[in-house]
Amino acid sequence: MLSPGYGPFAGRGALAGEVVVYGSRWCGVTMMVRRHLDRAGVPYRFVDWDVSPQARAQLEWLAGGRLASPTVTVGGQILVQPSLRELDWALMRAGYR
Amino acid sequence: MDSHAGPLSAQPTRLDQLEQDFAALAPQLPQGPQTQALSLLHGMVQELWRSGAAAAPAAAGLSLQDVADLHQRAPAMEGEAVSTPLKAGEPAPDFALPNANGETVRLSDFRGRNVLLVFYPLDWSPGCSRQLDLYQQELDEFRRRDVEVVGVSVDSLYSHGAWAAVRGITFPLLADFHPKGEVARRYQVWRESDGFSERALYLIDADGVIRYAHVSPKLQHVPDIYELYSVLDGLSAPKAA
């Protein structure tokens, strides 16, 4: 369901460069991705979609309806459960590394 | 977190601009099959774009990575926890179990060091692969906190050896294989109906005393690593007089 303002994608924020990790606190891959970003010193925002179902619904539309934990947005890129290699590649394209 | 590195200061690329325009149009679209089709197309474009990163030619047959990734398409393992673990403050029961090299490992071998005993259901399964990958990635953080990580499941030592090799796991995996699950039972984390253990953590201190116990409320839940680090940091802080 789409909501006015388009939540996390409103304005230039997320799509212009911010790194946002959407996922569950208990998901192993999400923790690997978050710790990878911690180590790399990449600033990011974590959205726990178990407690923010609206964020999940909004994200689902951009990802073609199929989401998996974690889904990471890096600039305009939407990475559904990326490997760390894919994540690094996306970060590099966005100018982070 | 609102601080940004380089990207925001750079001019947005045309693709960035298109993405933003696309997102801005989204709230104006009516619900219906056309909107859904656009969503699917956008998802496909994202996946195509992303696959550019892995544009290596396909190798013949299965690679080790393919085997390591089998868990991604394996049947799910789900279920509520059924156990109440031993309590912090109790002495940790000793055990003697073989590692993947067939050597007997006892809890008492670790006396003088802190041990994170990781009971997990099964090698090769989805949640366990991800949990142990995470611990391998974080091994230096555990070591920095003076904690040895030791995995325990009911799989045979041969399965442990193959699984560890494929995943690059370097910490010991112990085979609670015969009598099956005896150590898990001793630690009160056995799931009789499944024939494997809960996903459970015990932090055992240098004196062999349990300092922290955790059973995942659902089998598929990997314990929050940030919570675990705060527990470890709390325990290593100087004790009050």
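This report describes a predicted model, going through chain A and then chain B.

## Ground rules

Residues are numbered from 1 along each chain as its sequence is written, while chains are lettered from A and ligands numbered from 1 in the order in which they are written. Because the model is predicted, local features need pLDDT of at least 70 and side-chain atom pairs count only at pLDDT 80 or more, whereas totals for chains, interfaces and linings use all residues.

The predictor gives the complex an ipTM of 0.79 and a pTM of 0.79. A further score, pLDDT, is the predictor's confidence in each residue, from 0 to 100.

## Chain A in outline

Chain A has four helices and four strands. Both kinds of element are DSSP runs, numbered from the N terminus: helices are H or I with at least four residues, strands are E with at least two. From the N terminus on, the order is α-β-α-β-α-β-β-α.

Of the 97 residues in chain A, 52% are buried. A residue is buried if 20 or more other C-beta atoms lie within 10 Å of its own, exposed if 12 or fewer, and partly exposed in between; the C-beta atoms are placed from the backbone. Contacts can be split by distance along the chain. Two residues are in contact if their C-beta atoms, placed from the backbone, lie within 7 Å. Among contacts in chain A with a separation of 6 or more, 56% join residues 24 or more positions apart.

## The sheet of chain A

Four strands of chain A form an open sheet in the order β2-β1-β3-β4, with mixed pairing. Its edge strands are β2 (45-48) and β4 (77-80) of chain A, each pairing on one side only. Two strands pair if DSSP finds at least two bridges between them. Neighbouring strands of this sheet are turned by 15° against each other on average, direction ignored.

Strands β1 (residues 19-23) and β3 (residues 71-74) of chain A pair in the antiparallel sense over four bridges. Here Y22(A) stands opposite T71(A) in β3(A).

## Helices on the sheet

Helix α2 (residues 28-40) of chain A packs on the sheet and touches β1, β2 and β3 of chain A. Its direction makes about 160° with that of β1(A). Helix α4 (residues 84-93) of chain A also packs on the sheet, touching β3 and β4 of chain A. The direction of α4(A) makes about 175° with that of β4(A). For these angles, axes are lines fitted to C-alpha atoms, for helices over the stretch in contact, and angles run from 0 to 180 degrees between N-to-C directions.

In α4(A), the residues L87(A), W89(A), A90(A) and L91(A) are buried. Their cover includes α2, β3 and β4 of chain A. Just after α4(A), G95(A) takes a positive phi of about 90°.

## Chain B

Chain B has eight helices and nine strands. Of its 241 residues, 31% are buried. Residues 24 or more positions apart make 71% of the contacts in chain B with a separation of 6 or more.

The average pLDDT of chain B is 88, and 88% of the residues score at least 70. Over residues 1-10 of chain B, pLDDT stays under 50; the model has 18 contacts beyond four places in sequence for this stretch.

## A loop residue: Q220(B)

Q220(B) sits in the loop between β9 (210-215) and α8 (225-236) of chain B. It is partly exposed, because 19 other C-beta atoms lie within 10 Å. Leaving out residues up to four places away in sequence, Q220(B) touches A76(B), M77(B), E78(B) and G127(B). Q220(B) and W163(B) are 57 residues apart in sequence and 19 Å apart in space, C-alpha to C-alpha.
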